[in-house]
Structures are given as C-alpha cells and as structure tokens.
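Subject: Structure for you to look at

Hello,

Here is the structure I said I would pass on. Please open it first, then read my notes below.

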Amino acid sequence: MNSEGLHLHINYLGSSGVILNPEQAATLQSSLVILQHDHKFHRVFFWGKIMGIKGDYFIVQGCGNDEMVDRKTLYSSDCLTWGLLPHATTAMREQCSVVKGRFIGDPSHEYEHIEIKRIGEGDDATEEENTIMIKEEDRLASVVVNIDEDVAMVPRGAYFKTPHGTVQMNRMFEGLSVVESGKLQNYFHFREPQKLKEKSLLEKADMDPSIDFLDPISEDIPQGKLFYSTLVCFLCCKLVPTHQSL
C-alpha cells in the first residue's frame with residue numbers, strides 16, 4: 001500500500017481482522033515520510049504486519065528507479081525505529097523453512113534446530129546430530145520473500161517495462177474499469193515471470209510486451225478468489241489465506 005494514501009486506504013483491510021490503532025497509523029504515516037527521505041527511495045509502501053508472541057513486526061518496502069529489482073524491505077516493532085532486512089538467499093530460505101509456529105517478536109531471538117544425518121550403510125551406519133541456529137531476523141526476511149512471490153499482485157497496466165528493461169510505475173494508469181476489475185487475467189504477480197517463457201508465439205501474439213511482461217494470476221493452481229465492488233477490490237490467495245491484496 002502506497003504511503004501517500006495510507007491514511008485513506010488502510011481501513012479497507014479491516015475485514016482481515018488485523019488493523020492498526022490510531023496511534024500506530026499516525027506514527028507510521030509520519031515515519032514513512034522520513035524513511036523515504038533518509039533512504040532516498042522513489043516510493044515507499046506499507047507491506048503489512050506480522051504478529052508475534054511478544055511483539056509485532058511492521059513491514060515496509062522502498063523502491064528505487066526499477067520498482068521490481070531495486071527494492072528494499074525494512075521492519076520495525078514501534079513504527080519509529082527501522083531495520084533493514086537481510087537479503088533472503090535460497091539457502092537461507094531453505095534453512096528457515098524448518099522453523100514452524102508463530103514469531104517471537106524479538107529479531108535477535110535464535111531458533112535451535114537439530115538435524116540428524118545418517119553416516120555409512122547397513123549395520124555400520126551411525127547417526128550424527130548437527131545443531132543449527134536460525135535467527136528470527138533471517139526467518140522474517142525469508143517469510144516476506146515467500147509471501148511476495150506467492151501473493152504480491154498488481155493490476156494490468158499499472159506498471160510498464162521500458163526499452164532498457166527497467167520496470168516503472170505507469171503514471172497514466174487510473175485503475176481498471178468495474179468490468180475489467182472482475183477478471184483474474186487482469187492481475188499479475190509482481191515478481192520475475194516464471195511461465196511467460198513457456199508460452200507459444202501464438203499465445204504471445206495478442207500480448208503487449210511493455211505491460212504483459214508478468215505472469216497473470218488466472219493461471220495459478222489453485223485459483224484465488226476475487227471480491228469487488230464499485231469502490232474496492234480484494235484478491236484472496238488460497239496458498240496464503242490470511243493475506244489480502246487491495
């Protein structure tokens with residue numbers, strides 16, 4: 001959610017059961033302005049809130065010239081002090097996937113995971129225990145990336161790809177019509193395309209390469225649900241049922 005319209009649109013997400021109280025909303029609004037200036041971001045988005053046992057994490061993302069590649073994720077527990085999340089590598093995400101349950105709410109907390117490796121074969125085989133310590137900060141970064149890959153979505157035409165390959169916001173885009181907003185094929189995953197290269201030349205014939213450079217959510221299995229009216233549209237993903245896109 002764009003920081004510029006945060007105070008206008010945040011209440012639309014109240015149907016999810018997770019909201020910001022007036023103090024948090026006011027603090028976040030002013031904090032994002034400072035954050036954008038200090039980090040020299042072109043735009044700043046409020047990503048959402050991840051609830052923990054001892055405290056919650058407020059997540060924001062800032063982007064530079066390329067809105068898809070040049071993007072950084074920050075987190076805070078009080079909407080005032082922000083920390084930069086580490087880059088979630090493939091190895092980090094695989095390691096953090098073994099941690100189950102709720103977040104603690106302390107980024108310095110470490111989870112202990114014991115791996116049992118079998119060495120040798122037959123009767124001579126032995127088992128060796130290996131203890132791995134996983135930081136909650138790394139787990140938080142991994143979860144944010146995983147959710148982004150599954151449910152970060154944008155309407156068709158909201159972004160375009162320049163001849164130089166950078167992805168930028170389309171300032172001429174004023175939103176989808178009521179009819180078009182009810183079609184799943186008019187919403188794209190905002191990530192590197194995974195299925196686009198598999199399409200045939202015939203399938204690409206009616207596509208505009210400047211705006212149809214992402215994967216449509218209509219090809220997802222299972223398909224999500226779409227709720228819309230003349231004022232607002234909600235997209236719900238069955239893979240992450242607690243997450244809603246506005």
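**Aromatic pairs**

Tyr57 and Tyr75 are both buried. Please keep in mind that this is a predicted model.

The two rings also form a pair: their centres are 6.0 Å apart and their planes stand at 75°, so the arrangement is edge-to-face. Tyr57 belongs to strand 2 (residues 57-63) and Tyr75 to strand 3, so the pair ties together parts that are 18 residues apart in sequence. Together with Phe103, Tyr57 and Tyr75 make up one aromatic cluster. Phe103 has a charged neighbour as well: Arg139 lies over the face of its ring, 4.2 Å from the ring centre.

Another aromatic pair consists of Tyr159 and Phe190, which is tilted, with 4.7 Å from centre to centre and 35° between the planes. Tyr159 is in strand 8 (residues 159-161), while Phe190 is in the loop between strand 10 (187-189) and helix 5 (201-204), so this pair ties together parts that are 31 residues apart in sequence. Tyr159 has a relative accessible area of 10% and is buried. Phe190, at 12% relative accessibility, counts as buried too. In the whole structure, the search finds three aromatic pairs.

**Positive phi values**

Most residues other than glycine have a negative phi. Two residues are worth a look on that account.

Lys40 is not a glycine, yet its phi is positive, near 55°. Lys40 is found in the loop between helix 2 (22-39) and strand 1 (43-50). Is Lys40 buried or exposed? Its relative accessibility is 69%, and because the cut-off for exposed is over 50%, Lys40 counts as exposed.

Cys79 is also not a glycine and has a positive phi, of about 70°. Cys79 sits in the loop between strand 3 (71-76) and strand 4 (83-84). With a relative accessibility of 1%, Cys79 counts as buried.

**A hairpin**

Strand 5 (residues 110-119) and strand 6 (residues 126-135) run antiparallel and are joined by 10 bridges. Which residue of strand 6 is the bridge partner of Lys117? That partner is Glu128. The hairpin of strand 5 and strand 6 has six residues between the strands, and Gly120 takes a positive phi there, near 90°.

Regards

Methods
Residues are numbered from 1 along each chain as its sequence is written. This is a predicted model: local features need pLDDT of at least 70, side-chain atom pairs count only at pLDDT 80 or more; totals for chains, interfaces and linings use all residues. Side-chain values use heavy atoms; hydrogens and water are left out. Two strands pair if DSSP finds at least two bridges between them. Helices (H or I, at least four residues) and strands (E, at least two) are DSSP runs, numbered from the N terminus. Buried means under 20% relative accessible area, exposed over 50%, partly exposed in between (1.4 Å probe, protein chains only). Rings of Phe, Tyr and Trp (its six-membered ring) pair if their centres lie within 6.5 Å; planes under 30 degrees apart count as stacked, over 60 as edge-to-face and the rest as tilted. A charge sits over a ring if NZ of Lys or CZ of Arg is within 6 Å of the ring centre and within 35 degrees of the ring normal.
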